Structure formats: C-alpha cells, structure tokens
Amino acid sequence: MCGIIGYVGKSEAVPILLDGLERLEYRGYDSAGVAVVSPESELRVVKTKGRLSVLREHLEQQDPLRGTIGIGHTRWATHGEPNDTNAHPHIGQDGKIAVVHNGIIENYLEIRELLERKGIIFQSETDTEVIAQLMEYYYRKLGNLMDAVYAVLGRIEGAYAMGILCKDFPGQMIAARKDAPLLIGYGEDGNYIASDVTALLRYTRTVTYMEDGEVAVLTADGVQIFDQDRTAIDKPRHTIEWDVSAAEKGGYAHFMLKEIMEQGEAVRKTISPRVHDGRVVIEELAGMEPYLQGLRKICIVACGSAYHVGMIGKYALERLLRIPVDAYLASEFRYSEPLLGDDTLVIVISQSGETLDSMAALREAKKRGSKVLSIVNVVGSSIARESDITLYTWAGPEIAVATTKAYTTQMALLILLGVYCAECNGKIDAEERKAILDEFDKLPEKIDGVLSDLKIYQEAAARYFNQDSVFFIGRNLDYALGLEGSLKLKEISYIHSESYAAGELKHGTISLIEPGTLVIALATYTPLIEKTRSNIVEVRARGADVIAVATEETAPYVKDQADELMILPKTHPLLQSVLGVLPLQLFAYYVALNRGCDIDKPRNLAKSVTVE
Ligand code: G6P
C-alpha cells in the first residue's frame, strides 16, 4: 500500500527519496511523487501516474529538483483514480505546504466542503489534499506552523501517517501518525521518516517507531518528538538487525523466488530459538501456565494468507488442545460482535503487523476482555506493539507481495505454540511431543530437499500455464493448504482458481469440471487418503487433468489417478503442510513466469493493506 519516505540533511534529497521509494515499491502502488524545498526556499513538486521509472523520466525532463529536504510517496489509489493530479505530494492553495499521507481521512468531505465555502479551490479528488489545504488555512489564520499542525490533527478523523514540508521552514520536516505506520531514522548525514524500515536500511539501522498521536520535527541535526498534548518526549531508539542484502534480490529473478528458496533457513530461525532439550520454550509465555490452563476457546484472526495459516491452525490446535479453535477473517470478525472473554485467547497472525482489519480485530478482542497473542514478522509493527504477547517469526524482510516464507514460518510457529500449550494443559504425552519435535528438527532440511530440484514444477507449469480455471481439492489440513495454493496461483498468474474441501465438490462445483480442467489434488493427509482418492477419481471421471501432491506414504494411493505426481518427504502429519505448500508456491511462480506476469508486484494488490 502507499509508501512514505522523507529526508532532511546535508545531501541532495531527490536521489535518496527515489531510492527509498524504489524499496517501497513492493508494497503496491499506482502513482508516485516527490517534493523538495529548494535552497531558494521554493517548494517544488513532481508527481505522476505509473511506475517510478515514469517519475524518473519526468524528473529528468525538467530543471533538476535541488534541495536537501524532501518527501516522497508511492500511492495506492483509494479516493480518486490513479492519475497525475491525485498522486502525492499534495500542496495547499498558497503553494506553501506539501503533504504526503498514508491512510484515510474519514471526514474529508465535510472539511472539503467547509474549505470550498471559504473559497479554497481543490485540485484533486483525494482525502489527502484536505490535509494540505486545511493546514495552510490554519497556518494563515494562526500564524504558527506547529499550531496549524495540531489544529489539523484535532480536526481530522481517520488514519494517517504523514510527512509535511513548509517552504517558510526550509530546514524542517514534520511527521505525524495515527493508525498507520511511520518511523524515524537517524542517519549520519541527516534524518529520515519512512512508512517501512526497508526504505531506510541503506542509510541507517537506528530507528524510532512513532506512536499514535505523536508529532515529530526533524532537521538535519536532530529530531524532536511531541505527544498529543504537545509535550516533548524521549523515545527509545531501536537497532534493526536486517541487513541491506536481506532486502535485495541477490541474483534471483524475483523476490518471490528468493523468498521461496529462503524458507528452510527462515523456518530454522523460527524454530531453533524455541526448542531446547526436547521441549518447546516460549519465553514470552513464561509464568502464564494458569492462564493457558484456563483457556476454553481459541480464535485465530487474520487476512489473506495469514488467514489460511489460521485454517491450518484450526485443525492442528484443535487436535493438540482438544478445545474449540476457529479461524476468522479479520474483516468479518471485527464486526461480528464476537463472543469473547478472559477464557478465550485471540491469536492474530500478520506478516506486516500493519493490516488494518487485523489491527481492528485485535482492538475489538481486547475491548471484549480477551488476551491477544500475535504472530508477526515485522519487528516493532503496530500489531506487535498492541498485542499482549507477541511472537516474532524472524523470517526476515518479505518483499514479494505474494507471501511465501512468512506463511511457512507462521505455520511452524503456530504449531509450536500448540505443542507448548498442549504440554501446559497436560494434553500431550512425552512420546507424541518427541515425535513432533524430532520432525521440527528435520523440517528445515526437508524443506531444502524439496527446493533442491525445481524441474518438476517448471515442467508442470509449462504444460498447464494456459488454463482458464484451476481447482484445488483436499481434506482436513489439505483443504486448508489448498486455500493457500489457490490464492498463490490467482494472485500472481491471474488464472481463476478456487479451492474446495474435496468432499464438498460434488455438492455443486463438480459441474464446472470438464475435459481438460486442471484439478490440483492435495493428498498429503494420510488419515483420509482413501477418501481423497475417491474424490480424485470423481474428477478424473469427468475428464479433469490431475496434478497430485502426495507424500512418500500417500503417493501409492493416488499415483494411478495423477497426470503429474509431486512427491514430498514424509513428516509429522501436523507439519506436513509446511512441506505441502512448497510445490504450490513453485507451481504458481512458474505459471506466472510463463504468462509474463509482474510476479513481485501483481496488479491491484498491496503487500500491506492499511485500509478497510
Ligand atoms: C495483503 C497481502 C497478502 C497478505 C494479507 C495479510 O492482502 O497481499 O499477501 O496475506 O494482506 O497481510 P499481513 O501482513 O497481515 O499478513
């Protein structure tokens, strides 16, 4: 979703802004722009629809934009179509104040009408222009920029992270945040703001996360932060452990492929700090045994792929804990008046830690008296900070919009958590615990093994990349896995695809199966393999082509029914989906490659969705 970068220092701002925006491209955007205050105190803005390459061309066609202070933005359209005028930065009528903004100003229409009645003429259809115009209005009226900033913040409703420049203060950048991520970076050569740490890694690893209601004033020499009452505050600085190479392609054609290939290592980093001497150790839950023993229900809440992890969690945790576990879409959960209380644990899963629906669900759960445990990848993100307990996946930065290593590490961590809770509650014996943990130990190696030979996925993709429609079927954990396989395929290849519980197909969807339709049958779940086989036979009887994903153990049951058979090493049934998703990610990747799609930045999608 939209990205913000800002710089004030001793170097030229535009190259830094463009570099930062490039690193934010992965969030998804449809237009981009920059603003600088020149040494002559002129505010200059260049912005355009389209990719950053178009913005670069525009910049080359004009007098160089000089200045050591600037803000930049990649926009993912919400209010107003993606065009040059609606792109950020937005400036006020007097041309004094420029604003970049992420989030949505909910009462923008009312403020716009009010300002229009006062004769202010708007250029764009955006909610963001309201901020710039209102700030200039207050600045004219109050004569003090900070008074104007606080007046605007008091008047607008909704979510925002914003960077502000004013040509009357050519050495000063202002930042404000509420319900949208924004951090401050401290560099040797100046100071920065960014919506995402990846934009800053090249310049600094020392950052401060802004909290809701805070306002920061940055100059080349320092940063002052104020709370919502305008009191100056000291905030801790954090050191980011990720290095620059973690956010670069490192020789791979796409971030997605790089991140697929990193999964063995990523899962190792998730598991190894949490397994000691044959036991799961989750330090963040130390001393919480009585609480965990009193649990009567678990609700897993998430969006997109993280929700699919939640579906896996429903099957796995219910089996381990023998209490009801349900997975909910965060966008539904938050408005469903959920039945919660102190005996229900709400688990929020989010790679970015910034997904607005998941954040809102978290707040709803806390309001209703439940503890929230989050499984998050991005350290210091909003969901991580607002949860009662946060478990990090330690997967490293994930840049491709289509998630891969975040998904597998979330799944591994959720199951590890299940084993930990089962032990606390006396629901697992030493033998079963050992069986699972032994397999956890071998999991990274098995992942690397699967990823060491990509030929079968490349060949299957070359054969089937022209399909109009693909169906995924599976039972139990394989059903949950199919949801993710189907999403991976459709989000990056744009092939229509659906996923069904294998036993449900005959209740309607089987009418869509005709000769040549591709069905991807997930057949890794041993206890139900004979049932799954019957469902494969049903679609074969209607002419479907079948790719079966099986294990060494289940392959004999399905091999005579498969046009392509992908065989995975066997592991503990609860962990099988961690391996099972690998062929699905790779198939989706190579299909999209064959179709010439923009794999890392699929159309219309955003990596981190900070709107409802
Ligand atoms: C977006 C992304 C998905 C992701 C979902 C949840 O829709 O495109 O890939 O699964 O958000 O994101 P989160 O950061 O909360 O895991």
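How far does a backbone N or O atom of Ser305 lie from an oxygen atom of the ligand? Select the pair and you'll get 3.0 Å, a polar contact in the sense of N or O atoms within 3.5 Å.

Before going on: this is a predicted model, where local features need pLDDT of at least 70 and side-chain atom pairs need 80 or more, while totals for chains, interfaces and linings use all residues. Residues count from 1 along each chain as its sequence is written, and side-chain values use heavy atoms, without hydrogens and water.

Pick Ser350 next: an N or O atom in its side chain is 2.6 Å from a ligand oxygen. Then try Ala606, where a backbone N or O atom lies 2.9 Å from an oxygen of the ligand. Alone, the ligand exposes 390 Å², and the protein buries 89% of that (Shrake-Rupley areas, 1.4 Å probe).

Last stop: Asp19 and Arg202. They form a salt bridge, closest N and O atoms 3.2 Å apart (Lys or Arg side-chain nitrogen within 4 Å of an Asp or Glu carboxyl oxygen). Asp19 is in helix H1 (residues 13-24) and Arg202 in the loop between strands E10 (190-194) and E11 (206-209), 183 residues apart.

Technical notes:
A polar contact is a pair of N or O atoms within 3.5 Å; within protein, one must be able to donate a hydrogen and the other to accept it, and residues adjacent in sequence count only if both atoms are side-chain atoms. Helices (H or I, at least four residues) and strands (E, at least two) are DSSP runs, numbered from the N terminus.
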